[in-house]
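Let's take a friendly walk through this model, with an eye on charges, surface patches and backbone geometry. Please have the coordinates open as you read.

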Amino acid sequence: MLMVRKFFLGAAFVRDNGAAMGAMAVVMDEISQWLKGNFNTTVFDATIEDEPEPGRIFLVPKEKAMTRFIQDIVLVLSEQPGVFKAVIIRESQDSYTLLRFEAVALNEDINPNVFAAPK
């Protein structure tokens with residue numbers, strides 16, 4: 001999976017070539033496990049909190065080396081089963097990435113033209 005992360009600097013987006021990109025690739029792989037309901041993986045330990053509703057799942061890296069890139073991850077559950085409301089990836093005390101999911105639709109039909117070659 002090719003990932004390009006950019007951040008806003010002044011009036012332009014700048015490509016981030018930092019070491020955190022490797023950690024982000026790990027997180028993306030982990031997300032596929034989370035969507036299957038597997039939160040205790042080889043990379044993270046999970047703690048589930050039911051309050052506030054509908055709940056949160058806190059993930060902490062198992063290996064100290066990973067904490068150089070990711071302090072912890074919070075999965076904020078949605079009222080809609082099978083959906084995250086947000087994912088908060090805390091890279092350091094001063095830096096975090098927020099992925100917010102809005103207007104989520106599950107299992108809707110996809111027009112086959114979406115996957116067709118451009119004409």
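The term salt bridge here stands for a side-chain nitrogen of Lys or Arg within 4 Å of a carboxyl oxygen of Asp or Glu. Aspartate 45 sits in strand E3 and lysine 62 in the loop between E4 and strand E5 (72-77), so this pair ties together parts that are 17 residues apart in sequence. Aspartate 45 is partly exposed at a relative accessible area of 40%, and lysine 62 is partly exposed with 40%. In these terms, buried means under 20% relative accessible area, exposed means over 50%, and partly exposed covers what lies in between (1.4 Å probe, protein chains only).

Before going further, a word on the source: this is a predicted model, in which local features need pLDDT of at least 70 and side-chain atom pairs count only at pLDDT 80 or more, while totals for chains, interfaces and linings use all residues. Residues are numbered from 1 along each chain as its sequence is written, and side-chain values use heavy atoms, with hydrogens and water left out.

**The overall layout**

The chain has one helix and seven strands, and from the N terminus on they follow the order β-β-α-β-β-β-β-β. Helices (H or I, at least four residues) and strands (E, at least two) are DSSP runs, numbered from the N terminus. Of the 119 residues in the chain, 25% are buried. Among contacts with a separation of 6 or more, 19% are between residues 24 or more positions apart; a contact means heavy atoms within 4.5 Å. The chain exposes about 8800 Å², and carbon and sulfur atoms supply 55% of that area. Such areas come from the Shrake-Rupley method with a 1.4 Å probe, and for residues only the protein chains shown count as cover.

**The salt bridges**

How many salt bridges does the structure hold? There are three, and the table lists them.

| Acidic residue | Basic residue | N to O distance |
| Aspartate 72 | Arginine 90 | 2.7 Å |
| Glutamate 102 | Arginine 100 | 3.2 Å |

Aspartate 72 forms a salt bridge with arginine 90. Because aspartate 72 lies in strand E5 and arginine 90 in strand E6 (residues 84-90), this pair ties together parts 18 residues apart in sequence. Is aspartate 72 buried or exposed? At 17% relative accessibility, aspartate 72 counts as buried, whereas arginine 90 is partly exposed at 27%. In the remaining pair, glutamate 102 is exposed at 59% relative accessibility, and arginine 100 is exposed at 59%.

**Two surface patches**

Which residues form the negative surface patch? They are Glu49, Asp50, Glu51, Glu53 and Glu79. Patches are made of residues with over 30% relative accessible area and no salt bridge, where like charges are joined within 9 Å and nonpolar side chains (Val, Leu, Ile, Met, Phe, Trp, Tyr) within 5 Å. Glutamate 49 belongs to strand E3 (residues 44-49) and is partly exposed at 36% relative accessibility. Glutamate 53 is found in the loop between E3 and strand E4 (56-61), where it counts as exposed at 59%. Although glutamate 53 and glutamate 79 are 26 residues apart in sequence, their C-alpha atoms are 8.2 Å apart in space.

A nonpolar patch of about 230 Å² is made by Phe101, Val104 and Leu106. Leucine 106 lies in the segment after strand E7 (96-100) and is partly exposed at 43% relative accessibility.

**Backbone details**

Where is alanine 103 found? Its place is the segment after E7. The phi angle of alanine 103 is near 50°, a positive value in a residue other than glycine, and alanine 103 is exposed at 83% relative accessibility. Asparagine 107, in the segment after E7, has a positive phi near 55° and is exposed with a relative accessible area of 81%.

Key. Lys, Arg positive; Asp, Glu negative; His and termini not counted. Charge placed at Lys NZ, Arg CZ, Asp CG, Glu CD.
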